[in-house]
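This report describes one protein chain, from single residues up to the whole fold. Please keep the sequence and the three-dimensional view at hand while reading.

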Amino acid sequence: MIIDRSRYIDQLIRSKGNGLIKIVTGLRRSGKSFLLKKLFRQHLLDEGVSEDHILIIDLESRKSKEFKNPDYLLDWVEGKMSDDKTYYIIIDEVQEVEDFVEVLSSLAVTEGADVYVTGSNSRFLSSDVVTEFRGRGDEIHVWPLSFSEFMSVYEGTKEDGWAEYRIYGGLPQLLTQTGDDKKADFLRRLYRTVYLRDIYERNSIELKAEFEELSKTVASSIGAPVNALNIANTFKSVSHVQSITNKTVSTYLEYMQDSFLIEKSERYDIKGRKYIGSLSKYYYQDIGLRNAILSFRQNEPTHIMENIIYNEMRMRGWLVDVGNIYHRVRNEEGKQQRITLEVDFVCNKGSERMYIQSAWRMPDMEKMEQEKRSLRLVDDSFRKLLVVGEHTKPWSDENGIQTMSIYDFLLNPASTERQQ
């Protein structure tokens, strides 16, 4: 089964020959290896690159054991480069090479070499991996399948596909599992045997029960503003784990971000044009893993849809914050008081900005006005979008606020492009 991942192929194409090491990062099992070894390799062949100019070193294979020796690897590459044409060097799981930072630094200055690597666990899984190469790295982040990618191979209606995607997410290997029980077991097992193990080994975590409880707390809190202190306070009511400090919670949250399990979205004061440092929101890069952490017991469509919209905007290259806007109203006594309203997402890309509100259901005009209220208070000319979890034709009201269904938003790549 071949899934079109043209978003990442396009990034790789635009990075060809730029003199930097192309570092493909992302959540484990998100499709990084397949992207390079299959899809990008096929692109190079289609462009006329001969097979002997595409050098693939797969360090997950036992047959590639010798390549873990840095000198052997560099000598082998040098021996293969027999002319002045470009050689595309693809190294999968490069962290398996001893002194891999030095190896990649050497390849980066090798004439005629265009280097592409993937890596997992240890230092390489960290989101700051590019800094390892002192400005010589070009990071391309791969996400699990978007809903559009998922639907390109899903055999069923988009409504059925949406229901399944909300529960099981978009890890590509999930498509090989048949039946709800198999999919749920696959995700639970993957979380414990791959993701948790990587985090424990990489960071030498001893308080494993506490870490797992934290993971469940964060999974339960998508869509809600939290910080390390109020998360730490929840541990006081959990009898089977010991209390941990907010500093430890903060450290554990960083470990989860480094492993690409979650992303942090800062709160932004829209009117004051500044960040608010106290509370943030955390979203899972794969909603299926989030649900597996909670044993599929908290299937709140409102928060899950919000998480998926966040992921979609990040996949499309936007920076995404959580917006706050302050408003003064008169209370029953006639006195003015300041209230805070939330704009789910403030999205920025270059000079572009969008405001997005997510609403699972819109049963009546009162609910619609409630959802649009914060968007109307944003006093600028940037695009404002209300995404609803039910079928509706895209339309705009007199304030320029556009309403769109989740299907049009996720399946139409132009849904977030600048309006003419």
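## Loop residues

Asn-69 is found in the loop between strand S2 (54-58) and H3. Helices (H or I, at least four residues) and strands (E, at least two) are DSSP runs, numbered from the N terminus. The model is predicted: local features need pLDDT of at least 70, side-chain atom pairs count only at pLDDT 80 or more, and totals for chains, interfaces and linings use all residues. Residues are numbered from 1 along each chain as its sequence is written, and side-chain values use heavy atoms, with hydrogens and water left out.

Asn-69 is partly exposed, because its relative accessible area is 39%; buried means under 20% relative accessible area, exposed over 50%, and partly exposed in between (1.4 Å probe, protein chains only). Between Asn-69 and Val-49 there are 20 residues in sequence and 28 Å in space, C-alpha to C-alpha.

The loop of Asp-99 runs between S3 and H4. Phe-260 belongs to the loop between helix H10 (246-258) and strand S6 (262-269), and it counts as buried because its relative accessibility is 5%.

## Helix H4 and its cover

Which residues are buried in helix H4 (residues 100-108)? They are Phe-100, Val-101, Val-103, Leu-104, Ser-105 and Leu-107. The cover over the buried residues of H4 includes strand S1 (21-26), helix H3 (70-80), strand S3 (87-92) and strand S4 (113-118).

Phe-345 is part of strand S9 (residues 336-349), while Ser-358 is part of strand S10 (residues 352-359). Phe-345 counts as buried because its relative accessible area is 0%; Ser-358 counts as buried because its relative accessibility is 8%.

Contact means heavy atoms within 4.5 Å. With neighbours within four places in sequence left aside, the contacts of Phe-345 include Tyr-283, Val-320, Met-354 and Ile-356. Under that rule, Ser-358 touches Met-305, Glu-306, Ile-309, Asp-344, Glu-371 and Val-387. Glu-306 and Ile-309 are also among the contacts of Phe-345. Tyr-268 lies 77 residues from Phe-345 in sequence, and the two are 9.4 Å apart in space, C-alpha to C-alpha.

The accessibility values of these residues are listed below.

| Residue | Relative accessible area | Class |
|---|---|---|
| Phe-345 | 0% | buried |
| Phe-260 | 5% | buried |
| Ser-358 | 8% | buried |
| Asn-69 | 39% | partly exposed |

## The whole chain

The protein chain contains 14 helices and 13 strands. Its C-alpha trace spans about 85 × 55 × 45 Å along the principal axes. Why does a radius of gyration of 23 Å agree with a compact globule? It agrees because a compact globule of 420 residues would have a value near 22 Å; the radius is taken over C-alpha atoms, and the globule rule is 2.2 Å times the number of residues to the power 0.38.

Of the 420 residues, 52% count as buried. Among contacts between residues at least 6 apart in sequence, 67% join residues at least 24 apart.

## Confidence

The predictor's confidence in each residue is given as pLDDT, from 0 to 100. The chain averages a pLDDT of 90, and 95% of the residues score at least 70. Among the elements, helix H9 (residues 228-234) has the lowest mean pLDDT (84), and helix H14 (residues 406-411) has the highest (98). Where pLDDT is low, the predicted coordinates should not be read in detail.
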